[in-house]
Amino acid sequence: MMEIKILGTGCSKCKTLTKNTEEAVTELNLNAKVNKVEDIVEIMNYNVMSTPALVIDGKVVSKGKLLSTKEVKELLTK
């Protein structure tokens with residue numbers, strides 16, 4: 001199972017990225033778990049200074065950018 005994390009403190013961009021990521025997972029019919037991480041200490045453990053950030057299977061693939069559903073799908077199928 002793929003593990004996807006959205007790192008962000010709850011801003012509107014972080015919420016939108018979470019929604020877009022969930023839509024991408026559904027559209028691609030992936031076996032994946034999407035978690036929202038709002039704990040600042042856990043976010044800093046990923047060396048992320050600007051949110052929202054997208055983490056796929058422990059690897060930060062995007063930070064500081066609001067990705068569209070299409071962009072998330074492209075990252076999930078790499």
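The dialogue below walks through the fold and the salt bridges of a predicted model.

Visitor: Which order do the helices and strands follow along the sequence?

Guide: The protein has three helices and four strands, and read along the sequence they follow the pattern β-α-β-α-β-β-α.

Visitor: What does the radius of gyration say about this protein?

Guide: A compact globule of 78 residues would have a radius of gyration near 12 Å, and the protein, at 11 Å, agrees with that. Along its principal axes the C-alpha trace spans about 30 × 25 × 15 Å, and 35% of the 78 residues count as buried.

Visitor: How many salt bridges does a search of the whole structure find?

Guide: A salt bridge needs a side-chain nitrogen of Lys or Arg within 4 Å of a carboxyl oxygen of Asp or Glu, and the search finds seven. One of them joins Glu42 and Lys5, at 3.5 Å from N to O; this pair links distant parts of the chain, with Glu42 in helix 2 and Lys5 in strand 1, 37 residues apart. Glu42 and Lys5 also belong to a network of salt bridges that includes Glu3.

Visitor: Is Lys5 buried or exposed?

Guide: Buried means under 20% relative accessible area, so Lys5, with 14%, is buried, whereas Glu42, with 28%, is partly exposed.

Visitor: Where do Glu23 and Lys19 lie?

Guide: Both lie in helix 1 (residues 12-28), four residues apart, which is about one turn of the helix, and their side chains meet in a salt bridge of 3.3 Å, N to O. Glu23 is partly exposed at 32% relative accessibility, and Lys19 is partly exposed at 43%.

Technical notes
Residues numbered from 1 in each chain as written. Predicted model: local features only at pLDDT ≥ 70, side-chain atom pairs only at ≥ 80, totals over all residues. Heavy atoms only, no water. Helix = DSSP H or I, 4+ residues; strand = E, 2+ residues; numbered from the N terminus. Rg over C-alpha atoms; globule rule 2.2 N^0.38 Å. Buried < 20%, exposed > 50% of the residue type's maximum accessible area, 1.4 Å probe, protein only.
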